[in-house]
Amino acid sequence: MSTPRRNTKPSSPGRNGTVDRRQVKKKKESTLDPRLFVKKAKPSGQAGFRTEKSFQDIKLDERLLANILSKGYQTLTTIQDQSILPLLDGRDMMAISKTGSGKTAAFLIPIIEHALKDPRNYTALVVTPTRELALQIEEEFKSLTAGLHLYSATFIGGTNINSDYKQLERKLQVIVGTPGRLLDLSDRKLLKLNQVNTLVLDEFDRMLDMGFVNDVKKLVNLIGRREQTLLFSATLEPGQKQLISSLLHNPIEVIVENAGGTNENIEQQTVKVPEGAEKIDMLVSMLKSPDMEKVILFTETKRLADRLAKKLNQAGITAGQIHGDKSQNFRVKMIDEFKKGNIRVLVATDVAARGIDVADVTHVINYQLPMTMDAYIHRIGRTGRAGKVGHAITFVN
Ligand code: ADP
Ligand code: MG
């Protein structure tokens with residue numbers, strides 16, 4: 001194996017889960033006001049999630065349409081309604097829409113249409129901040145393209161690079177990956193980035209923050225001229241304006257109403273730890289409630305994630321952990337066990353904060369205050385997805 005570039009690089013404190021080391025060193029505490037984390041849900045249910053427009057109303061390849069319908073998607077979500085047509089027209093785009101609002105299909109559907117028109121000459125590259133998100137996007141692509149003879153691969157750190165070589169032997173219409181591995185493959189002259197027609201940065205505000213921006217710039221330079229660039233996220237960093245406009249050519253900006261904040265389908269509350277009480281005991285008794293069917297528990301550090309998972313298991317609560325020090329096999333296995341319901345609690349650092357879509361997560365618990373409001377928005381956005389109601393509980397001291 002090569003010396004892998006770090007796929008999930010440390011960045012400004014609190015922007016993701018890979019900053020643990022730094023945070024431990026600095027013992028940085030969140031300065032966010034705990035009152036920000038209390039908010040009644042205003043569940044709009046499916047009404048707020050879906051539009052009235054059905055997928056039959058837009059002219060899509062029949063086989064693609066059939067795949068969309070067989071996934072159970074009937075009507076477009078708001079972001080899909082606002083982005084698919086301009087993307088089919090070839091426009092560049094920056095799109096901001098809440099967590100769980102269907103952004104993946106919003107960029108994949110037009111990509112699939114383009115790929116079907118010219119499969120031999122078309123490649124889209126989707127770049128993500130975490131390996132899990134990359135895998136998940138490819139999964140969505142595969143289900144949308146079942147039987148269509150389009151090919152995809154995911155190139156991420158923590159996996160054997162030799163198996164990437166093999167996948168690169170065939171024409172791929174969609175490549176998903178994390179920046180480090182993509183650059184590595186490009187350095188080895190195996191991945192020809194200059195053939196990319198469409199570039200997508202998912203979770204683009206994260207991709208353009210200091211943890212990733214240098215790698216992203218390298219990728220963008222290697223890609224060079226391209227037909228389309230798409231930026232998608234739930235949050236926007238005001239300081240990135242210039243960088244964004246340098247990436248986009250005559251773009252459409254889609255900012256879905258109320259974007260940039262927390263999802264209204266999430267009931268948000270805080271729990272105060274009284275003087276003398278043990279936080280961990282409070283957590284254990286909280287998790288004994290049968291309502292807490294599927295819980296993601298966020299901590300700031302990898303060490304604490306390990307410790308909490310162990311404690312919970314000792315208390316008879318099935319738990320697993322995911323963070324940057326675990327092998328990729330372990331990370332994949334944990335997410336899988338969590339999806340299947342074999343573990344009830346997934347203890348995670350911010351590696352799991354962005355993009356991860358596990359159906360029916362009932363609760364997100366912040367064991368510690370997140371460092372930034374954006375980190376909070378993404379973390380709690382793992383629940384209340386696709387028009388469902390979710391709960392967020394944040395411990396405050
Ligand atoms: P985001 O990227 O905005 O956070 P995702 O793309 O992960 O959201 O989608 C959230 C969930 O909504 C996924 O489980 C996805 O399968 C589902 N979904 C997406 N589009 C539709 C649709 N048109 N109808 C029903 N469900 C959808
Ligand atoms: Mg997403």
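**View 1. Surroundings of Ser 54 in a predicted model.** Ser 54 touches Gln 74, Thr 75 and Leu 76, leaving aside residues up to four places away in sequence; contact means heavy atoms within 4.5 Å. Ser 54 belongs to strand β1 (residues 50-54). Helices (H or I, at least four residues) and strands (E, at least two) are DSSP runs, numbered from the N terminus. With a relative accessible area of 19%, Ser 54 is buried. Buried means under 20% relative accessible area, exposed over 50% and partly exposed in between (1.4 Å probe, protein chains only). This is a predicted model, in which local features need pLDDT of at least 70 and side-chain atom pairs count only at pLDDT 80 or more, while totals for chains, interfaces and linings use all residues. Residues are numbered from 1 along each chain as its sequence is written, chains are lettered from A and ligands numbered from 1 in the order in which they are written, and side-chain values use heavy atoms, with hydrogens and water left out.

**View 2. Helix α8 and its cover.** Helix α8 spans residues 179-187, and eight of its nine residues are buried, so the rest of the structure largely encloses it. The buried residues are Pro 179, Gly 180, Arg 181, Leu 182, Leu 183, Asp 184, Leu 185 and Ser 186. Their cover includes the strands β4 (124-127), β5 (152-155) and β6 (174-177). It also includes the helices α7 (161-167), α9 (204-207) and α10 (213-223). After α8 comes Lys 189, which has a positive phi, near 65°.

**View 3. Strand β4 and its two partners.** In a regular strand the side chains alternate between the two faces of the sheet. β4 pairs with β6 in the parallel sense over four bridges, and Ala 124 has Val 174 of β6 as its bridge partner. Two strands pair if DSSP finds at least two bridges between them. β4 also pairs with strand β7 (residues 198-202), in the parallel sense over four bridges. Here Val 126 has Val 200 of β7 as its bridge partner.

View 4. Strands β11 (residues 295-298) and β14 (residues 363-366) pair in the parallel sense over four bridges, with Asn 366 of β14 as the bridge partner of Phe 298. Axes are lines fitted to C-alpha atoms, for helices over the stretch in contact, and angles run from 0 to 180 degrees between N-to-C directions.

**View 5. Packing of α12 and α13.** The axes of helix α12 (residues 279-287) and helix α13 (residues 302-314) come within 11 Å and cross at roughly 55°. That makes α12 oblique to α13. Angles under 35 degrees count as roughly parallel, over 145 as roughly antiparallel, 65 to 115 as roughly perpendicular and the rest as oblique. Ile 280, Leu 283, Val 284 and Leu 287 of α12 meet Leu 308, Lys 311 and Leu 312 of α13. By class, this contact has six nonpolar, no polar and one charged residues. Ala, Val, Leu, Ile, Met, Phe, Trp, Tyr, Cys and Pro count as nonpolar, Asp, Glu, Lys and Arg as charged, and the others, Gly among them, as polar.
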